[in-house]
Amino acid sequence: MNIKEALSGATKQLKENTISDTPLLEASLLLSHVTHLTREQLYTHYDHILSNSEIENYQTMVQSRLEHTPIAYIVGHKEFYGREFLTTPDVLIPRGDTEVLVDTSLSLLASHSDKSVLDLCTGSGCVGITIALENEETQVTISDISEKALFVASKNASILKASIKRVVHSDLFTQLSGST
């Protein structure tokens, strides 16, 4: 099976099952992940023959999508503010419209001398980590009730080399006091 055939088959499946409004996009995102080719490269290498393991992995991913698993959980990452964040079912998927929150926070931080931020219910850590990376003088604390979410957020901070002041396991404010 070549790339063109794989894309065509998956696109047809996703379209027929009304899983997606953008079946070709989703099929190409999954195949790009499996082959380690960019989406653009997929289209310029239509005749490339996929290995048996690539076909198997791709079919497994398409089946997961047909079962309504979000793409970000299938591939294990999602872009946010120009950076790749790890995602697992233990965290919410970073959303583009949340980038407005980061922009607003950075704008507010520019006019304040206190550069402390608490990212409460951090999940993947995309908000707090991005603020820390965009404004390195800001002291960011991330907190979540879920230890699994804190693990994902901490891993994201490490991969992206973000300086996080504190990581706190807490049910909202129960383990937080003062200015964190």
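I count a polar contact as a pair of N or O atoms within 3.5 Å; within protein, one must be able to donate a hydrogen and the other to accept it, and residues adjacent in sequence count only if both atoms are side-chain atoms. I am working on a predicted model, where local features need pLDDT of at least 70 and side-chain atom pairs count only at pLDDT 80 or more, while totals for chains, interfaces and linings use all residues. Residues are numbered from 1 along each chain as its sequence is written, and side-chain values use heavy atoms, with hydrogens and water left out.

**Entry 1: helix α1**

I took helices (H or I, at least four residues) and strands (E, at least two) as DSSP runs, numbered from the N terminus. At the start of α1, I found a side-chain oxygen of Asn2 within 3.1 Å of the backbone nitrogen of Lys4. The helix runs over residues 3-16, so I looked up its length: its 14 residues reach 20 Å from first C-alpha to last, close to the 20 Å expected at 1.5 Å a residue (the expected span is 1.5 Å times one less than the number of residues). After α1 comes Thr18, with a positive phi near 45°.

Which residues of α1 are buried? I call a residue buried under 20% relative accessible area, exposed over 50%, and partly exposed in between (1.4 Å probe, protein chains only). On that basis I get Ile3, Ala6, Leu7, Ala10, Thr11 and Leu14. They sit on the same side of α1, because they cover an arc of only 120° around the axis, the arc being that of the directions from the helix axis to the C-beta atoms. Lys12, Lys15 and Glu16 are exposed on the face turned away from that buried side. The cover over the buried residues includes α2 (23-35), α3 (39-44) and α4 (52-66), with contact meaning heavy atoms within 4.5 Å.

**Entry 2: cores**

I used nonpolar core for a set of buried Ala, Val, Leu, Ile, Met, Phe, Trp, Tyr and Cys residues joined through side-chain atoms within 4.5 Å. The largest has 20 residues, and Leu30, Leu31 and Tyr58 touch the most other members. Two or more residues come from each of α1, α2, α4 and α5 (71-75). I then checked Leu31: leaving out residues up to four places away in sequence, Leu31 touches Ile3, Ala6, Leu7, Leu42, Leu50 and Tyr58. Apart from this core lies another, of 18 residues, including Cys126, Leu133, Ile142 and Ile164.

**Entry 3: helix α7**

How many residues of α7 (126-134) are buried? I found 8 of 9, so I note this helix as mostly covered. Among the elements covering its buried residues are β1 (77-80), β3 (116-120) and α8 (147-160).

**Entry 4: salt bridges**

My search of the whole structure turned up 5 salt bridges, each a side-chain nitrogen of Lys or Arg within 4 Å of a carboxyl oxygen of Asp or Glu. Arg65 pairs with Glu26, the closest N and O atoms being 2.6 Å apart. Arg65 is in α4 and Glu26 in α2, so this pair ties together parts 39 residues apart in sequence. Both Arg65 and Glu26 are buried.

I also looked at Asp97 with Arg95, at 3.0 Å, N to O. Asp97 counts as partly exposed at 47% relative accessibility, and Arg95 as exposed at 52%.

Lys115 meets Glu137 at 4.0 Å, N to O. Lys115 is in the loop between α6 and β3 and Glu137 in the loop between α7 and β4, so they tie together parts 22 residues apart in sequence. Lys115 counts as buried at 14% relative accessibility, whereas Glu137 counts as exposed at 52%.
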